[in-house]
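Here is a short briefing to read with the model open beside you. Please keep the sequence at hand too, and look up each residue as we come to it.

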Amino acid sequence: MLREWFNPSLTGTTPDYRFSLANERTFLAWIRTGLALIAGGLACAQFLPPLPVRHLREIIAILLLVLGALVALRAVDHWVRTERAMRHGTDLPRSRFPAVLAVAVAAGAVVIIAAVLVQVF
């Protein structure tokens, strides 16, 4: 699998270039999302004041950094699997990752909201 990321097998029929370019744009969008999460993790580690729960700031920063790394890895894996499916005329790969990412971000927001409320009251 990892070898495919660096040298995807380009067997099968070449798809319409518009589909390949759309696949690359989707990959780049996921990479931007990963970079944004990483930047958010660094911002939390550097600029967020200490929170009332001990080490919560560091936990949030680490979770954002790990999530950013996972998004980047998922992006390349999905790009390769989609390109392969288009070349072989099979169904595009399904993914639950967008839903998992949305739930993780929402849960993180709830934790941060709770921490802010604890600090206010």
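Asp-16 is partly exposed in this predicted model, with a relative accessibility of 25%; buried means under 20% relative accessible area, exposed over 50%, and partly exposed in between, with a 1.4 Å probe and protein chains only. The side chain of Asp-16 meets that of Arg-18 in a salt bridge, 2.4 Å from N to O. Residues are numbered from 1 along each chain as its sequence is written. Local features need pLDDT of at least 70 and side-chain atom pairs count only at pLDDT 80 or more, while totals for chains, interfaces and linings use all residues, and side-chain values use heavy atoms, with hydrogens and water left out.

**Salt bridges**

- The structure holds 4 salt bridges, a salt bridge being a side-chain nitrogen of Lys or Arg within 4 Å of a carboxyl oxygen of Asp or Glu.
- Arg-18, the partner of Asp-16, counts as exposed because its relative accessibility is 52%.
- Arg-57 and Glu-58 form another of these pairs, with their closest N and O atoms 3.2 Å apart.
- Glu-58 has 33% relative accessibility, so this residue counts as partly exposed.
- Asp-77 and Arg-81 also join their side chains in a salt bridge, at 3.2 Å from N to O.
- These two residues are 4 apart in helix 3, which means that about one helical turn separates Asp-77 from Arg-81.
- Asp-77 is buried, at 18% relative accessible area, whereas Arg-81 is partly exposed, at 31%.

**Overall build**

- The protein chain has 4 helices and 0 strands; helices (H or I, at least four residues) and strands (E, at least two) are DSSP runs, numbered from the N terminus.
- Along the sequence, the pattern reads α-α-α-α.
- The radius of gyration is 19 Å, while a compact globule of 121 residues would have one near 14 Å; the value is taken over C-alpha atoms, and the globule rule is 2.2 Å times the number of residues to the power 0.38.
- A box of roughly 60 × 25 × 20 Å, taken along the principal axes, is filled by the C-alpha atoms.
- Of the 121 residues, 28% count as buried.
- Among contacts (heavy atoms within 4.5 Å) with a separation of 6 or more, 72% come from residues 24 or more positions apart.

**Nonpolar cores**

- In soluble globular proteins, nonpolar side chains tend to be buried together.
- A nonpolar core here is a set of buried Ala, Val, Leu, Ile, Met, Phe, Trp, Tyr and Cys residues joined through side-chain atoms within 4.5 Å.
- The largest has 7 residues: Trp-30, Leu-37, Leu-67, Val-71, Ala-75, Phe-97 and Leu-101.
- Helix 2 (17-47), helix 3 (56-88) and helix 4 (97-120) each give two or more residues to this core, and helix 3 gives the most, with 3 residues.
- A second, separate core has 6 residues, among them Cys-44, Ile-60, Ala-61 and Ala-115.
- Beyond its neighbours within four places in sequence, Trp-30 is in contact with Val-71, Arg-74, Ala-75, Phe-97, Pro-98 and Leu-101.

- Leu-65 lies in helix 3 and counts as partly exposed, at 30% relative accessibility.
- The C-alpha atoms of Leu-65 and Gly-41 are separated by 5.2 Å, although the two residues are 24 apart along the chain.
- Not counting residues up to four places away in sequence, Leu-65 touches Leu-37, Ile-38, Gly-41 and Leu-42.
- Glu-83 is also placed in helix 3, and this residue is buried, at 7% relative accessible area.
- With neighbours within four places in sequence left aside, Glu-83 contacts Pro-15, Ser-20 and Asn-23.

**Surface**

- The accessible surface of the protein chain comes to about 8,400 Å², of which 70% belongs to carbon and sulfur atoms; accessible areas come from the Shrake-Rupley method with a 1.4 Å probe, and for residues only the protein chains shown count as cover.
- Ile-112, Ile-113, Val-116, Leu-117, Val-120 and Phe-121 make a nonpolar surface patch of about 620 Å².
- Patches are made of residues with over 30% relative accessible area and no salt bridge, with like charges joined within 9 Å and nonpolar side chains (Val, Leu, Ile, Met, Phe, Trp, Tyr) within 5 Å.
- Ile-112 lies in helix 4 and counts as partly exposed, at 36% relative accessibility.
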